[in-house]
Amino acid sequence: MPDFLTKKKAIGPSGKRINRYEDYAEEILLIASLLSELVSADDQKKPVSNPSLIVKLRSKVIEEKESLAALEQFHQLAAERGLPYFANLQSESHRHTSYTATGSRFVADWTGDWELDTLQTGSIDNVSLNLARASYDAEGSQDSFFQLLDERIEMARRALEIKYRTLRQRVREGLLPFLSQEIGGNRYFRLENATRLISIVGLSETVESFIDKPMHLDEANGFLDTLLGQLSKGVLNHAKKPETRLVPSTVSSLIAKERLAELDIEHCGWEKVRVQGSKEQPYYADMVALPLVDKGVWRKRMRIEEKLNRFASGSHLTRLQLPDAGQDPDELLSVTREIMGGYEVGLFTYTRNLTYCANCQKTFYGDLPKCSRCGSTDILISTKSSHRSIS
Ligand SMILES: [Zn+2]
């Protein structure tokens with residue numbers, strides 16, 4: 001129970017206010033525990049991907065026996081299914097912070113009132129900046145590259161402004177009845193407090209194209225810092241109260257990294273582009289999961305994630321990839337404790353590749369082309385970055 005809610009009146013059946021939230025601490029833990037049980041017990045069906053559970057981590061969660069038991073259950077679920085997301089709200093400045101499972105982050109930093117800034121609002125949209133394309137267009141010149149970025153940030157800002165005005169007009173016309181319904185004289189969805197995300201695609205390829213070293217090496221640090229600083233300034237300079245809540249993001253649409261890579265190859269040719277994957281399936285390496293196998297590597301890479309988190313105040317997500325094998329939940333809990341204690345990473349999740357066979361109705365670890373038990377190709381592959389069906 002976050003301390004700022006304990007004394008608030010609780011909403012009971014039929015919207016009546018009954019007692020305070022602190023009176024329901026036990027029930028809240030019971031609901032959390034039942035939810036995790038429900039999702040993990042459902043093993044006769046396809047792996048559950050919705051609803052997305054977000055577990056908020058505050059220091060009390062690991063200090064108190066009752067909540068620790070619930071947290072252990074969620075790590076059991078993470079070890080089996082990789083399902084829950086963990087929001088690291090340890091620091092005082094993140095007291096009121098709220099996340100969605102797509103990484104969208106709401107902080108009490110817009111009007112300053114946490115209820116207005118984090119509740120009954122959302123994100124208008126997310127426009128992705130293709131950093132890699134700007135680097136090809138700049139032909140090796142950092143000055144031209146940063147100038148191109150400024151121009152493209154301005155284009156993204158305009159696109160989001162148009163979306164905002166369109167939504168506002170629709171609300172006025174009564175075309176979005178759910179969002180525009182009034183409760184106690186206030187509109188349900190606070191459109192003016194909604195974030196407008198500008199995300200980035202092709203970051204690691206761009207760093208490599210200028211520095212000729214992978215992003216996680218120390219030699220790339222200077223350029224990475226300059227780039228994130230310029231991007232952050234470029235986006236935040238356009239933010240304007242009371243309506244233009246523009247924020248940087250590292251989470252872009254799932255298809256953006258593939259589609260933009262394909263378009264760049266078409267436009268610039270294979271000699272010029274720097275992409276990952278194969279000729280048939282090229283993509284930009286966004287949202288790369290950090291393999292949990294090598295502790296030295298993931299700890300070092302978490303420092304890069306910290307940088308990206310600090311930059312992407314509007315939306316971010318750190319993914320820690322589990323190996324395609326059984327996983328000890330206690331080990332995961334100790335990783336979570338380590339992250340809570342030592343890393344400024346806001347939202348993270350343990351990613352697990354799962355393959356579900358419709359014929360056997362069983363789920364297997366890994367990204368398998370067909371069922372390892374019956375050979376059927378009527379399968380559903382599920383990872384945190386994609387949910388695709390093969391049949
Ligand atoms: Zn099967």
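Modeller: This is a predicted model, in which local features need pLDDT of at least 70 and side-chain atom pairs count only at pLDDT 80 or more, while totals for chains, interfaces and linings use all residues. Residues are numbered from 1 along each chain as its sequence is written, and side-chain values use heavy atoms, without hydrogens and water.

Colleague: How many bridges join strand 15 to strand 16?

Modeller: Strands (E, at least two residues) and helices (H or I, at least four) are DSSP runs numbered from the N terminus, and two strands pair if DSSP finds at least two bridges between them. Strand 15 (residues 318–321) and strand 16 (residues 347–351) run parallel, and the bridges joining them number four.

Colleague: Which strands stand at the edges of the open sheet?

Modeller: The open sheet has five strands in the order 3-4-16-15-14, with mixed pairing. Each edge strand has a single partner, so one side of it is left without a neighbour in the sheet; these are strand 3 (54–57) and strand 14 (290–291).

Colleague: Is helix 12 oblique or parallel to helix 13?

Modeller: Axes are lines fitted to C-alpha atoms, for helices over the stretch in contact, and angles run from 0 to 180 degrees between N-to-C directions. The axes of helix 12 (residues 295–311) and helix 13 come within 12 Å and cross at roughly 45°. Angles under 35 degrees count as roughly parallel, over 145 as roughly antiparallel, 65 to 115 as roughly perpendicular and the rest as oblique. Helix 12 is therefore, relative to helix 13, oblique.
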